[in-house]
Amino acid sequence: QVQLIESGGGLVQAGGSLRLSCAASGRTFRNYHMGWFRQAPGKEYKFVAAINGAGAITDYADSVKGRFTISRDLAKDTMSLQMDSLKPEDTAVYYCAASRIGMRDGYDVWGQGTTVTVSS
């Protein structure tokens, strides 16, 4: 079964940091664009960050630019999201996803999500 598995969520105070990880299981995603999305309670999914297949190009939502850093390890087929200077509005379920089409669209493989809670 093809899966993306997130880990690293938790509870942190505002201003703190968390590092999310996403690992592939069942197949490789080395040639895929990989991204992070989040869904806050009662709200729609929002794009957070993406990295291209080669790991050379990154893209960020304006709300996280300068605070979050996306990276991937092609040898290990993993992806990470380093989140610094966290704010209460970053509270959400975070999902990693894979796309063969583009860095902002075409995501058709999703993980189960990991919860991030930022307290004020």
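Leaving aside its neighbours within four places in sequence, which residues is Thr114 in contact with? They are Glu6, Ser7, Gly8, Gly9, Leu20, Ala92, Val93 and Tyr94, where contact means heavy atoms within 4.5 Å.

This is a predicted model, in which local features need pLDDT of at least 70 and side-chain atom pairs count only at pLDDT 80 or more, while totals for chains, interfaces and linings use all residues. Residues are numbered from 1 along each chain as its sequence is written, and side-chain values use heavy atoms, with hydrogens and water left out.

**Two residues**

Thr114 belongs to strand 11, residues 114-119; strands are DSSP runs of E with at least two residues, numbered from the N terminus. Arg104 lies in the loop between strand 9 (92-99) and strand 10 (107-110). Not counting residues up to four places away in sequence, Arg104 touches Phe47, Asp59, Tyr60 and Ala61.

Thr114 counts as buried because its relative accessibility is 11%, whereas Arg104, at 48% relative accessibility, counts as partly exposed. Buried means under 20% relative accessible area, exposed over 50%, and partly exposed in between (1.4 Å probe, protein chains only).

The side chains of both residues reach backbone atoms, as tabulated here.

| Side chain | Backbone atom reached | Distance |
|---|---|---|
| Thr114 | nitrogen of Gly9 | 3.2 Å |
| Arg104 | oxygen of Tyr60 | 3.4 Å |

An open sheet is built from four strands in the order 1-3-8-7, and the pairing is antiparallel. Strand 1 (3-7) and strand 7 (68-73) stand at the edges with a single partner strand each, so one side of each has no neighbour in the sheet. On average, neighbouring strands of this sheet are turned by 15 degrees against each other, direction ignored; the axes are lines fitted to C-alpha atoms, and angles run from 0 to 180 degrees between N-to-C directions.

Strand 7 pairs with strand 8 (residues 78-83) in the antiparallel sense over six bridges; two strands pair if DSSP finds at least two bridges between them. Phe68 has Met83 in strand 8 as its bridge partner.

**The largest pocket**

The largest pocket has a volume of about 210 Å³. A pocket is an open set of points on a 1 Å grid over the protein atoms alone, where a 1.4 Å probe fits, with protein on both sides within 12 Å along at least five of seven lines; lining residues have an atom within 4 Å of a point. The volume is the space filled by probe spheres set on the points, which are joined across faces, edges and corners. Of the 13 lining residues, Arg38, Ala40, Lys43, Lys46 and Glu89 are the closest to the pocket centre. Strand 4 (33-39) and strand 5 (45-51) each supply at least two residues of this lining.

Note on methods: A polar contact is a pair of N or O atoms within 3.5 Å; within protein, one must be able to donate a hydrogen and the other to accept it, and residues adjacent in sequence count only if both atoms are side-chain atoms.
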